[in-house]
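Please look over the sequence and the model shown here before reading on.

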Amino acid sequence: MEIVTSPNFWTAMLVLGVVLLVGVSFKTKALLNNVYVAVTISLLIAVAYFHLVDHYLMDMQGLDYWYLFRK
Amino acid sequence: MGGLTRNKMLSILALGAMVGLLLLPIVVSMPALAGGGGTPAAGGPPPDVAKKADTPEAAKVEKARDVYYKTEGIVTGAPAPKTADNPQFYPRYNFESRVLLWIANQQHLYYGSFVLAVPIFCMIIEFMGIVSKDKAMAKKYDQLAYDFIKISLTAYSLTAILGGILIFTFLTLYPAFFGYLSSIFRPVMHIYALLFVAESGTIYIYYYGWDRMKEGLLKWIHVSMSVVLNVIGTTLMFLANSWIGFMMSPAGVDEQGRFLGNIWHSIHTALWNPLNVHRLLGNMAFGGGVVAAYAAYRFLASKTDEERAHYDWMGYIAMAIGVAFLIPLPFAGYWLMREVYAYRQQMGITLMGGLLAWLFIIQATMIGILFLSSNYYLWQAMGRMRGAEKYQRYIKYMVFVLVCGFLIFITPHTIVMTPAELKAMGGQQHPVLGNYGVMSAKNGGINVIITTTVLSFIWYQRGNKVPMVSWAKFGNIFMGCFFALAYVNIIWLAIYGYYIPANVRVGLSVPQVATTLSCLFFMTALNLVMLKGAKQSGAIEWGKISVRSQYALIMLATAFTWMMGLMGYIRSSVRLFWHVNEIMRDNSPWAYTHTTGFAANMISFNVLFFWLTILFVFFLATLGVKKAPAEAKVSVPGRVPEPATGH
């Protein structure tokens with residue numbers, strides 16, 4: 001649980017998603033347009049992005065987004 | 001190219017000079033305005049209320065503490081008058097004075113909002129015309145901007161007349177209160193009047209100089225003038241906001257209401273900035289709605305296809321601008337409410353959890369109607385595009401999502417019931433629906449509605465286009481995943497709010513809003529990139545849109561008007577029995593809160609009155625147009641929106 005509630009984990013996921021996106025798009029457009037690859041990369045980026053939004057925007061208000069999970 | 005750059009430079013210089021000249025009086029008077037007690041003639045109260053320096057008791061300077069800023073200042077004003085229920089303080093007819101003031105105030109505000117918003121549209125559209133490389137399109141934008149300003153010019157005269165009526169109403173029915181307010185804001189009121197003169201001059205030169213300043217450097221100066229016009233207009237609004245901000249959250253005075261010499265404190269109250277932002281966005285959305293209704297009216301009255309094409313296009317542009325400002329409006333409102341709570345918690349509770357809470361349910365209903373109407377219009381508008389049929393089958397799902405969000409958004413926390421009803425339901429809250437009457441659920445509801453509206457816009461943009469970029473499939477999948485997860489995040493945060501303490505829950509609205517805004521900014525940008533070089537499956541057939549869509553525009557404008565009236569009433573009545581909150585008590589016989597039904601009737605009356613008069617304004621705007629029908633018929637290329645008439 002500690003790993004999941006860490007913003008570093010989600011930042012790493014976001015970076016991984018972007019690296020995959022860049023890597024795949026450099027390799028071949030056909031692979032990028034593959035449904036499974038596209039869904040995987042998209043989900044990775046979007047899930048990580050929204051977790052970071054939730055975490056940091058609560059943190060900026062001095063609040064803990066992971067309150068329930070830490071309990 | 002060199003000529004264009006030189007023109008731009010010269011126009012920037014001309015603009016700088018104009019702004020400099022306009023701001024000069026304010027800059028010159030600034031030291032006097034902020035000069036504390038040293039210069040009471042500029043920043044202080046009238047001489048009759050200030051202590052004379054040569055009297056023995058005034059020789060010792062009296063100091064007091066600012067009720068809001070908590071700083072010490074020299075007392076330079078008289079205490080707020082203690083009024084009583086008699087004709088000396090409240091002269092009256094055999095009628096409720098508050099109702100008369102309500103009508104005068106509301107009508108002035110409607111017209112004021114309209115004439116502040118429309119020049120901003122003109123500025124944007126005229127600029128688009130100047131930078132447009134397509135000459136035909138540039139001409140169309142120019143004509144559209146001209147059409148807009150033409151409507152606002154007649155409305156401008158009415159605004160001034162209504163402003164005069166408002167001041168006379170204040171002076172004759174509430175002289176003690178108005179005397180006190182003007183004793184504090186005297187320099188601000190003078191600057192306001194001077195700015196009004198400057199705005200009148202600028203708007204008339206802007207309008208009547210349209211044809212003479214249509215090319216080259218003069219055109220740039222002309223568009224620069226619209227910037228000046230809007231700077232003045234917005235400053236005027238900010239100054240007027242300082243008065244209502246002072247009435248709600250006074251500052252710059254001590255607890256007796258005595259002015260402490262710093263006018264900036266009285267202007268810059270706790271609620272001034274949130275009010276400024278909220279009103280600016282609200283005015284823009286309202287202005288867009290009214291112009292869209294004008295276009296709808298002209299569309300419905302059109303006799304030719306060309307006119308229909310033009311007014312269809314005009315309605316679409318006005319609606320798009322209006323909705324662009326409508327989307328951030330709930331967030332600005334949320335900020336205002338947060339600041340109200342921060343200023344006085346009791347005031348916030350009165351608004352959203354007490355006496356006025358039911359009005360907020362009505363407000364939620366109106367907001368829902370606005371978004372439903374906007375979506376409905378966009379779906380109808382897809383009818384004028386070949387290729388947009390592919391989205392039709394998804395609309396029913398969007399309706400479902402919108403209706404779910406809407407129903408949650410309007411669910412009340414508690415309702416007024418008879419004892420029998422209370423017993424039958426088992427308590428103040430319904431066992432199931434009561435759960436949706438809390439902010440956590442409502443925030444989820446409204447964010448789902450706004451996100452769906454963004455999705456409708458993106459579909460509309462794609463209506464007749466097929467992305468041709470090599471990564472189009474990935475882009476579509478990414479967009480789909482992003483929207484799906486945005487919905488999941490919004491709903492998840494809404495549910496999560498039920499399981500955590502209130503002090504943590506209150507912060508969840510910020511990431512919810514950020515999620516919605518992420519969809520708005522990132523997905524719109526991604527969509528535009530994807531549509532670069534897109535294949536068109538058919539032209540947009542302007543004018544070929546259902547009549548129902550035009551009624552949706554009229555509905556949109558009416559709902560804006562009604563909601564503005566409602567929110568104005570809520571904001572004003574939250575002061576309860578105070579003219580100036582906790583400083584000057586309202587002792588008139590009308591210092592009570594009206595019933596919801598009476599307030600709704602008053603708002604409806606104001607809306608009806610405004611629309612009847614603005615229809616007359618629309619009619620006046622058509623009189624000039626009818627003079628040149630032959631010219632309109634000549635310039636008809638067909639499906640593209642073409643100006644219906646010359647200037």
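Domain bounds in this briefing come from an automatic or database domain assignment. On that basis chain B is divided into domain 1 (97-358 + 543-634) and domain 2 (386-536), and 29 Å separate the centres of these two domains of chain B, taken over C-alpha atoms. This is a predicted model, in which local features need pLDDT of at least 70 and side-chain atom pairs count only at pLDDT 80 or more, while totals for chains, interfaces and linings use all residues. Residues are numbered from 1 along each chain as its sequence is written, and chains are lettered from A and ligands numbered from 1 in the order in which they are written.

**Chain B and its domains**
- Chain B holds 24 helices and six strands, where helices (H or I, at least four residues) and strands (E, at least two) are DSSP runs numbered from the N terminus.
- The contact between the domains takes four residues from domain 1 of chain B and six residues from domain 2 of chain B, two residues being in contact if their C-beta atoms, placed from the backbone, lie within 7 Å.

- Of the 647 residues in chain B, 43% are buried, that is, have 20 or more other C-beta atoms within 10 Å of their own, whereas exposed residues have 12 or fewer and partly exposed ones lie in between, with C-beta atoms placed from the backbone.
- Leaving aside neighbours within four places in sequence, the contacts of Leu556(B) include Gly289(B), Ala292(B) and Met319(B).

**Leu300(B)**
- Leu300(B) is found in helix 10 of chain B and is partly exposed, with 14 other C-beta atoms within 10 Å.
- Leaving aside its neighbours within four places in sequence, Leu300(B) is in contact with Val547(B) and Gln550(B).

**Where chain B meets chain A**
- The contact takes 19 residues from chain B and 21 residues from chain A.
- On the side of chain B that touches chain A, helix 19 (472-496) and helix 21 (509-530) of chain B are the elements that give two or more residues, and helix 19 of chain B supplies the largest share, eight residues.
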